[in-house]
Amino acid sequence: MSVTVTMPQMGESVVEGTLEHWLVQEGEKVEKDQTICEITTDKVDAEVPAPEAGVVTRLLVSEGDVVEVGAELAEIDPDAEATVSGGAKSGSATPTTDRPAMAPTGDSSVRATPLARRIAEDKGINLGTTEGSGAGGLVTKADLSGTPVRATAPGKKSATSPAVSAPPGSVLEFLAKMKVPTHRVREDERVVPFSSIRRRIAEHMVVSKIVSPHVGTVAELDLFKLVQLRDGLKNSFKAERGFSLTFLPFIVQATVRALKDYPVLNATVVGDTLVERNGIHVGVAVETERGLLVPVIRDADRLSLVGIAERIEELAQSARKKTIGADDLQGGTFTVSNPGRQGNLYGFAVINQPQVGILRMGEIRKTPVVVEHDGADTIAIRPMMHLALSYDHRVVDGVTGNGFLFAVGRYLEAAEFEV
């Protein structure tokens with residue numbers, strides 16, 4: 001009886017992926033746990049192993065196809081006889097490309113999957129000294145012990161990549177049926193196809209706007225005390241920790257305190273119920289060259305300010321180096337968006353589903369403001385920042401949303417943090 005290979009679940013928010021490479025072909029014999037293909041999602045890349053030893057009888061998906069979690073990828077017959085040897089070109093009618101070359105690497109000729117080869121290049125690992133556990137000594141991702149999954153290199157997809165299908169009931173199908181005004185492309189204009197991650201981001205943003213009625217509110221904060229606190233700590237902090245102390249850890253810890261005060265902002269909607277999450281796991285939006293990623297600071301309510309700062313640094317570095325794992329990109333209960341020094345005055349971010357709120361930082365600017373000194377009003381130059389909250393009006397009322405944002409601002413302006 002044939003065994004079906006299906007698209008695996010790679011994180012709670014991952015619903016589909018792109019089949020990038022077939023490493024086997026129809027009629028080829030494979031061993032159990034041998035890598036047969038590579039999948040790219042908006043989070044990470046992954047290798048799909050053969051669940052049983054046997055012969056690949058059918059490849060059901062072409063390279064470049066977008067497939068949903070649970071979709072059938074291939075069939076393996078444990079009792080069939082091989083009709084082609086490994087490395088030969090496929091003679092099947094399934095429209096796949098030739099297998100990626102297993103070129104010599106290091107001091108000896110090494111067979112490795114494309115994903116393992118990319119990880120080795122990023123981490124400076126010599127594949128020539130790596131023992132492969134795959135069929136015939138093939139080096140896979142699992143053989144690079146302790147090496148996180150690497151994200152797809154930008155520009156990998158070409159202008160001739162297959163078009164994305166629109167599964168029934170999907171947002172893509174919904175949009176395809178809408179009469180949206182579109183631009184007629186001229187011959188002198190450059191057409192840049194969406195990358196895999198850009199397609200995922202685009203769909204996620206549309207889904208969020210359709211599902212959650214967004215409401216926004218803004219707070220203006222005087223960070224005079226916080227700036228003084230950070231200025232007094234930043235030199236010693238960098239000398240001891242090896243990286244700079246930014247304002248982001250303070251924002252995250254203030255957010256955690258406010259989420260304890262207003263747990264509805266740490267909840268999610270399931271059907272017609274509100275589910276209050278167990279644990280506060282704060283996602284921090286990070287811009288990378290492949291697009292926006294949101295690494296998660298797990299159990300942020302159990303971490304000190306220094307612990308939050310260290311975790312943010314670890315996650316940001318791994319995200320930018322494309323070595324972040326799927327576990328670090330899932331399970332968030334609330335998100336903080338940090339657009340950086342050029343963040344402008346303020347902006348409203350789109351809620352990261354299935355959360356119900358997202359906080360976006362604005363740029364800190366020295367601004368003349370009226371302050372009270374010795375019982376009299378006076379004008380002073382203060383470091384001011386705007387915080388903008390977007391919340392899901394299905395479950396968060398205006399009073400609650402405003403109260404939460406006011407609480408975040410109160411904690412930041414008081415600057416009572418232990419470092």
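The buried set in α5 consists of Leu-248, Pro-249, Phe-250, Ile-251, Val-252, Gln-253, Ala-254, Thr-255, Val-256, Ala-258 and Leu-259.

Before going further, a word on what you are looking at. This is a predicted model, in which local features need pLDDT of at least 70 and side-chain atom pairs count only at pLDDT 80 or more, while totals for chains, interfaces and linings use all residues. Residues are numbered from 1 along each chain as its sequence is written, and side-chain values use heavy atoms, with hydrogens and water left out.

Now for the wider setting. The chain holds seven helices and 18 strands; helices (H or I, at least four residues) and strands (E, at least two) are DSSP runs, numbered from the N terminus. Of the 419 residues in the chain, 47% are buried. Among the contacts with a separation of 6 or more, 66% are between residues 24 or more positions apart, where contact means heavy atoms within 4.5 Å.

Back to α5. From its first C-alpha to its last, this helix reaches 20 Å, close to the 20 Å expected at 1.5 Å a residue; the expected span is 1.5 Å times one less than the number of residues. What surrounds it?

Two packed helices are described by the angle between their axes and the distance between the axes. For α5 (residues 248–261) and α7 (residues 398–414), the axes come within 8 Å and cross at roughly 135°. Axes are lines fitted to C-alpha atoms, for helices over the stretch in contact, and angles run from 0 to 180 degrees between N-to-C directions. The pair α5 and α7 is therefore oblique; angles under 35 degrees count as roughly parallel, over 145 as roughly antiparallel, 65 to 115 as roughly perpendicular and the rest as oblique. The crossing of α5 with α7 is right-handed; a crossing is left-handed if the near helix is turned anticlockwise from the far one by less than a right angle, and right-handed if clockwise.

At this contact, α5 contributes Phe-250, Ile-251, Ala-254, Thr-255, Arg-257, Ala-258, Leu-259 and Asp-261, which meet Phe-404, Ala-407, Val-408, Arg-410, Tyr-411 and Leu-412 of α7. These residues divide into 10 nonpolar, one polar and three charged. Ala, Val, Leu, Ile, Met, Phe, Trp, Tyr, Cys and Pro count as nonpolar, Asp, Glu, Lys and Arg as charged, and the others, Gly among them, as polar.

Next comes α6. The axes of α5 and α6 come within 9 Å and cross at roughly 120°, which makes α5 oblique to α6. This crossing, too, is right-handed. Leu-248, Pro-249, Phe-250, Val-252 and Gln-253 in α5 meet Leu-305, Ile-308, Ala-309 and Ile-312 in α6, a set with eight nonpolar residues, one polar and no charged. Helix α6 spans residues 305–320 and reaches 23 Å, close to the 22 Å expected. Its buried residues include Leu-305, Ile-308, Ala-309 and Ile-312. After α6 comes Lys-322, with a positive phi near 65°.

Leu-265 counts as buried because its relative accessibility is 0%. Beyond its neighbours within four places in sequence, Leu-265 has contacts that include Leu-259, Thr-400 and Phe-404.

A few backbone details are worth a visit before you leave. Gln-353 and Pro-354 are joined by a cis peptide bond, with omega about 5°, and Pro-354 lies in the loop between β15 (334–337) and β16 (357–361). Asp-33, in the loop between β3 (29–30) and β4 (35–40), has a positive phi of about 75° although it is not a glycine. Asp-33 counts as exposed because its relative accessibility is 54%. Ala-415, in the segment after α7, also has a positive phi, near 55°, yet Ala-415 counts as buried at 13% relative accessibility.

Methods. Buried means under 20% relative accessible area, exposed over 50%, partly exposed in between (1.4 Å probe, protein chains only).
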